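The following paragraphs lead through a single chain, element by element. Please keep the sequence and the model in view while reading.

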Amino acid sequence: MTITVKSKVVLNILWILIAVGFWWTSVPYSEARTFDPIGPHIFPQIMSGVIILCSLGNLAVLYRHSRQGIGEAAPETFEPANALKMFLVLVVSGLYIWLMPLAGYLIATIFLLFLVIAIQGEVSLKMNILVSCGFALVLYLIFFKVLHILLPHGFLEFI
């Protein structure tokens with residue numbers, strides 16, 4: 001199965017629509033009074049903005065390549081193994097949602113990153129462990145220590 005430029009354009013437009021919907025649903029949270037100084041609506045809106053910007057960037061690249069005839073010269077093909085990887089990432093994401101209240105943000109994020117990197121493959125076990133632990137720790141420090149966002153600690157309540 002060949003992936004056409006038109007299907008990539010449709011996919012990027014879908015991403016923009018999903019991000020706009022995500023942004024729209026986070027707007028009522030700006031009225032919520034919490035102990036969080038920046039409010040519960042900021043993170044979803046930042047992520048929505050990043051998704052919209054990335055999709056617009058992809059659309060600009062697709063437009064530029066279509067004008068130069070690059071996209072039509074080397075069409076991509078759909079690999080069933082990639083569909084399996086996408087399914088596994090969705091399953092792992094579901095496990096992440098289930099695991100976070102039990103194990104806490106840090107352990108659940110390390111688990112998520114390790115499995116997503118393992119699913120993608122082509123990375124050694126040592127590098128996977130280092131990247132998973134390091135990136136999860138950096139995210140934890142940014143969200144919890146710098147932005148003061150309340151995160152679930154799970155059984156690591158003493159941290």
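Trp23 is placed in helix H1; helices here are DSSP runs of H or I with at least four residues, strands are runs of E with at least two, and both are numbered from the N terminus. The model is a predicted one, in which local features need pLDDT of at least 70 and side-chain atom pairs count only at pLDDT 80 or more, while totals for chains, interfaces and linings use all residues. Residues are numbered from 1 along each chain as its sequence is written, and side-chain values use heavy atoms, with hydrogens and water left out.

With a relative accessibility of 38%, Trp23 counts as partly exposed, a class that lies between buried (under 20% relative accessible area) and exposed (over 50%), computed with a 1.4 Å probe on protein chains only. Its contacts, meaning heavy atoms within 4.5 Å, include Gln45, Ser48 and Gly49 once neighbours within four places in sequence are set aside. Trp23 and Ile42 stand 19 residues apart in sequence, and their C-alpha atoms are 9.5 Å apart in space.

Helix H1, which spans residues 5-26, also holds Asn12. Is this residue, Asn12, buried or exposed? Asn12 counts as buried because its relative accessibility is 7%. Apart from neighbours within four places in sequence, Asn12 is in contact with Ser55, Asn58, Leu59 and Leu62. Leu56 belongs to helix H2, residues 42-68. At a relative accessible area of 45%, Leu56 is partly exposed. Between the C-alpha atoms of Leu56 and Val9, which are 47 residues apart along the chain, the separation is 9.9 Å.

Attention now turns to a pair of helices later in the chain. How do helix H4 and helix H5 pack, and at what angle? Helix H4 (residues 80-103) and helix H5 (residues 105-120) pack at about 170°, and their axes are 8 Å apart. H4 is therefore roughly antiparallel to H5. The axes are lines fitted to C-alpha atoms, for helices over the stretch in contact, and the angles run from 0 to 180 degrees between N-to-C directions. Angles over 145 degrees count as roughly antiparallel, under 35 as roughly parallel, 65 to 115 as roughly perpendicular and the rest as oblique. On the H4 side, the residues that make the contact include Leu88, Val92, Tyr96, Leu99 and Ala103; on the H5 side, they include Tyr105, Ala108, Phe111, Leu112 and Leu115. The contact of H4 with H5 comprises 16 nonpolar, 3 polar and 1 charged residues. In this classification, Ala, Val, Leu, Ile, Met, Phe, Trp, Tyr, Cys and Pro count as nonpolar, Asp, Glu, Lys and Arg as charged, and the others, Gly among them, as polar.

H4 also contributes to the lining of the largest pocket, as do strand E1 (2-3), H1 and strand E2 (76-77), each giving two or more residues. The volume of this largest pocket is about 490 Å³. Of the 17 residues that line the largest pocket, Ile3, Leu11, Phe78, Asn82 and Met86 are the closest to its centre. The lining has 7 nonpolar, 6 polar and 4 charged residues. A pocket is an open set of points on a 1 Å grid over the protein atoms alone, where a 1.4 Å probe fits, with protein on both sides within 12 Å along at least five of seven lines; lining residues have an atom within 4 Å of a point. Grid points are joined across faces, edges and corners, and a volume is the space filled by probe spheres set on the points.

Beyond H5, the loop between H5 and H6 contains Glu122. Although Glu122 is not a glycine, its phi is positive, at about 65°. Glu122 counts as exposed because its relative accessibility is 85%.

Phe144 is located in helix H6. At 19% relative accessibility, Phe144 counts as buried. The C-alpha atoms of Phe144 and Tyr105, 39 residues apart along the chain, are separated by 10.0 Å. With neighbours within four places in sequence left aside, Phe144 is in contact with Ile149, Leu151 and His153.

The segment after helix H6 (125-146) includes Leu147, which is partly exposed at a relative accessible area of 30%. His148 is placed in the segment after H6 too. His148 has a positive phi near 55° and is a residue other than glycine; its relative accessible area of 48% makes His148 partly exposed.
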